[in-house]
Structures are given as C-alpha cells and as structure tokens.
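Biologist: I'm new to this structure. Could you walk me through how to read some of its features?

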Amino acid sequence: MSQKTSFTLTQADIPSAWYNLNADFPEPLPPPLHPGTKEPMPPDALEAIFPRNLIEQEISAERWIEVPKPVREIYALWRPTPLLRAVRLERALQTPAHIYYKYEGASPAGSHKVNTSVPQVFFNKEAGTKRLATETGAGQWGSSLALACSFFGLECNVYMVKVSHDTKPYRRLLMQTWGATVHPSPSNQTHYGRKLLAEDPHCPGSLGIAISEAIEDTVKHPHTKYSLGSVLNHVCLHQSVIGQESIRQMEMAGEEPDVIFGCCGGGSNFAGLVFPFLHRKIKEGKKYRVVGVEPEACPTLTKGELRYDFGDTAETTPLLKMYTLGHQFMPPPIHAGGLRYHGMSPMVSHALKLGLIEAEAYPQTQAFEAAVAFARHEGIVPAPESSHAIAAVIKEAERCRETGQKQVLLFNLSGHGLLDLTAYESYFAGKLQNV
Ligand SMILES: *Cc1c(COP(=O)(O)O)cnc(C)c1O
C-alpha cells in the first residue's frame with residue numbers, strides 16, 4: 001500500500017482525563033440562572049435532578065478531570081475510535097485538500113453519545129441513583145443511555161417524541177433490547193403529558209416537551225435522576241475523548257488540521273472534537289479555523305439570539321445563556337432528528353461569541369447529497385446529522401480545488417446512518433424538502 005489512510009491507537013491510548021474548556025476561556029462562561037429569582041443558580045438547587053458529583057463537573061473550572069477506571073474499561077469496548085483519511089473522496093472531488101475524519105459510529109449504539117451516557121450512569125450509580133429518566137428524539141440518546149444503564153444495572157425510563165416512537169421502530173427496539181422502558185411523549189405518565197393530550201390527542205410531541213416530561217418524572221419518583229445527552233458542560237467534558245484521540249492520530253498522520261468541522265444539534269459531538277483543539281488555539285496560538293455546521297431548518301448558531309432561555313417547553317429548567325431560537329420554537333420535521341433543538345450548548349455558544357469558532361448552515365438536501373457521495377467513495381453510510389458536516393467539508397474541498405490551496409480538513413463523523421435508511425429512501429424518492 002502506497003499511502004496510509006487509517007490511524008489506529010491502542011487501548012492504552014484511551015484518554016485518562018477529560019479536558020474542560022472552562023479552564024481556558026478568556027472570559028468566564030455566564031452561569032445558569034434560577035428561573036424565578038434570575039439570580040445565579042445555587043448548585044444545590046440542581047440536586048433535585050442531577051447527582052452532586054455530576055453537578056461538580058458541570059460547574060468545574062478544573063482543566064483535567066480523571067476518567068474513572070470502570071468507565072475506561074467500558075470505553076475500551078469501542079475506543080479509541082478510528083481516524084481515517086478519505087483519499088477516495090479527495091480523488092473524486094479532484095481537490096488538493098486532505099480530508100480526515102474521526103469515526104464515532106464505531107460504538108455499539110452507533111454514535112458518540114455513549115461517550116457521555118457511560119460516565120453519567122457510572123457517577124449516578126456512585127451517588128446512589130437507582131433509576132434514570134430522560135428524553136429522546138429519534139432514539140440515539142435513549143439507546144445510548146439504555147446501554148449504559150444495562151452495563152451498570154440501573155432502571156432506564158425514556159420519553160420518546162411520539163412521531164419518532166410511532167414511525168421509527170428500530171432505535172425503540174434497541175432501547176428495549178438494552179432493557180429500557182420507552183414512553184411515547186406526550187404520555188399519560190406525567191401531569192404535563194396528560195394536559196397536552198387533553199388539548200390535542202394527536203400531538204406529535206417535540207424534544208422540549210419530552211424534556212419537560214422526563215424532568216417531571218424525575219422529581220416525582222424516589223431515587224430517580226435526570227440525564228441529558230447534549231448541551232450541558234459535563235456532556236461536552238465527557239465528549240473530549242474524541243478530540244484528544246484525534247490530536248494524537250493527526251500527529252501519527254504527520255499533519256495538522258487547518259479547518260475542523262462538526263455538526264451541531266445541542267453541540268456535544270462538535271465540542272468533543274474541537275475543544276481539545278481550542279485548548280491549543282488559546283494556549284499555543286494555533287490558527288485552526290473551527291466550523292460548527294447546522295441545518296438551515298434549525299439555524300441556532302447562524303440565526304439565533306444569544307440570551308438566557310429555557311432548555312424545555314414547560315419552562316422547568318434553569319435559564320441557560322445560549323444561542324437560541326426560543327424555547328417555543330417548533331423545528332420543522334427534517335430527517336436529522338438530532339439537530340432539531342431550539343438551543344445550543346452554552347460552552348459552544350460562548351466559543352462563538354468569543355470568536356474562537358464560526359458557524360455555517362446547510363439545507364438537508366445538500367447534506368444528503370454529500371452523504372451519498374461520501375458513502376459511494378468511502379463506504380460508511382453517515383447519519384443524517386453527521387452529513388451536515390460532510391456538506392461543509394465538501395464545499396471547502398471544492399473551494400480548495402478552485403484556489404489550489406492544500407488545506408487539511410478534519411471532521412467528526414458522529415454516527416452511522418444504518419438505522420436512518422428510510423430518510424435516505426425519502427431523499428432518493430425526491431421527497432425531501434428544504435425549509
Ligand atoms: C445526537 C446526534 C447529533 C447531535 O447532537 P450533538 O449534541 O450536537 O452532538 C449528531 N450526530 C449524531 C450521530 C447524533 O446521534
């Protein structure tokens with residue numbers, strides 16, 4: 001073989017600490033506010049829904065936080081994940097750019113989300129939690145939490161957005177396989193769900209509604225805590241294994257990325273890849289361009305407003321300072337379910353405000369066009385979410401073709417699309433619409 005295209009680490013290279021960008025922001029991150037008093041949320045107030053050990057991570061400004069041994073042992077089932085160079089795609093695009101991708105679809109649940117579900121369940125178990133409640137859209141987060149709960153023996157209750165529950169059976173069945181109980185949301189399990197069903201028995205649900213139901217379930221059941229798969233600081237923290245491994249793998253490849261891309265829903269896979277690179281950008285003066293990519297139908301970073309907003313529809317969460325489209329925003333039903341959220345991680349939002357990153361938005365048809373090109377040249381069928389990052393990478397590679405620039409591009413392939421093939425079917429049938 002003339003050219004090395006795959007850069008593989010060993011189990012010993014699984015990071016032993018998570019990286020926390022909060023230690024390095026040139027300006028501190030604005031704190032969450034209590035929705036009643038509008039004063040900074042006292043950490044104890046969060047204990048109704050989160051265990052103390054995770055709250056400590058949420059508010060921590062320590063740069064490195066140790067990964068406990070039992071978590072590293074489970075990470076070793078699929079980590080370190082591969083980093084590959086997409087030479088066939090480069091050739092097809094006739095671009096002088098080099099395209100690298102980190103493949104998080106290699107996990108048992110098929111995405112990066114297990115990087116945080118495993119430590120979240122571990123720390124809950126340490127704190128005495130017996131039961132977790134959460135929400136899920138298309139099921140990526142619910143299935144990741146179900147898997148982690150089955151590893152540690154906790155009960156898992158998932159509120160799944162009703163349209164997805166009824167039309168996307170595969171991840172619901174994955175959740176059941178891993179032992180979780182799945183409720184279509186709005187459900188009759190909660191006061192809020194019953195109220196919405198009384199108003200409209202056919203309410204299709206939304207992520208904001210499902211979050212409200214999961215939080216109500218949490219506060220009404222003993223030994224129960226709530227778990228969130230994106231947005232929060234401790235989630236971005238856990239995902240930092242992605243970027244730390246990528247830095248080592250790019251060194252193996254003998255290259256430094258010029259531009260780094262990730263798709264942005266709540267911001268966690270993007271944060272996971274790019275925050276360790278931002279550490280170097282801030283501390284070592286590296287000149288990386290870092291691009292968050294979102295759908296045009298839910299343009300939080302490119303069209304949202306930076307302000308305090310609720311994370312859910314029923315206004316039960318603390319107020320978070322973030323780019324937001326408003327907590328009543330109902331995203332159109334695009335196929336990248338994981339990108340349909342009105343808000344954005346406060347840390348990712350802060351990084352954008354400080355000019356450490358930039359953002360672009362693409363229509364879903366362009367994302368699928370990019371996904372199909374990627375699958376035909378590289379083999380892996382990307383998740384519709386990840387395909388947004390690929391659309392941005394292809395655009396940049398084409399720009400390099402025009403200008404002759406030899407840029408090194410790196411993106412996060414956050415998950416595979418093998419459980420999303422009906423979305424591909426709609427695309428092939430010409431049924432996808434841009435909003
Ligand atoms: C959930 C999901 C996303 C979006 O969530 P982030 O927190 O923004 O990463 C992206 N890609 C895949 C494959 C997902 O499952």
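Biologist: Is Cys 156 buried or exposed?

Modeller: A residue is called buried under 20% relative accessible area, exposed over 50%, and partly exposed in between, using a 1.4 Å probe and protein chains only. Cys 156 has a relative accessible area of 2%, so it is buried. Cys 264 is buried too, with a relative accessible area of 2%.

Modeller: One caution: this is a predicted model, where local features need pLDDT of at least 70, side-chain atom pairs count only at pLDDT 80 or more, and totals for chains, interfaces and linings use all residues. Residues are numbered from 1 along each chain as its sequence is written, and side-chain values use heavy atoms, with hydrogens and water left out.

Biologist: How many disulfides are there?

Modeller: A disulfide is a pair of cysteine sulfur atoms within 2.5 Å, and the count here is zero. For Cys 156, the nearest cysteine sulfur belongs to Cys 149, 4.1 Å away. For Cys 264, the nearest is that of Cys 263, at 6.9 Å.

Biologist: What is the strand order in the open sheet?

Modeller: Strands of a sheet pair through backbone hydrogen bonds, either parallel or antiparallel. Strands are DSSP runs (E, at least two residues), numbered from the N terminus, and two of them pair if DSSP finds at least two bridges between them. Here four strands line up as β8-β7-β6-β9, with parallel pairing. β8 (181-185) and β9 (224-226) are at the edges with a single partner strand each, so one side of each has no neighbour in the sheet.

Biologist: Which strand do five bridges join to β8?

Modeller: That's β7, residues 155-161, running parallel to β8. In this pair, Asn 157 stands opposite Thr 181 of β8.
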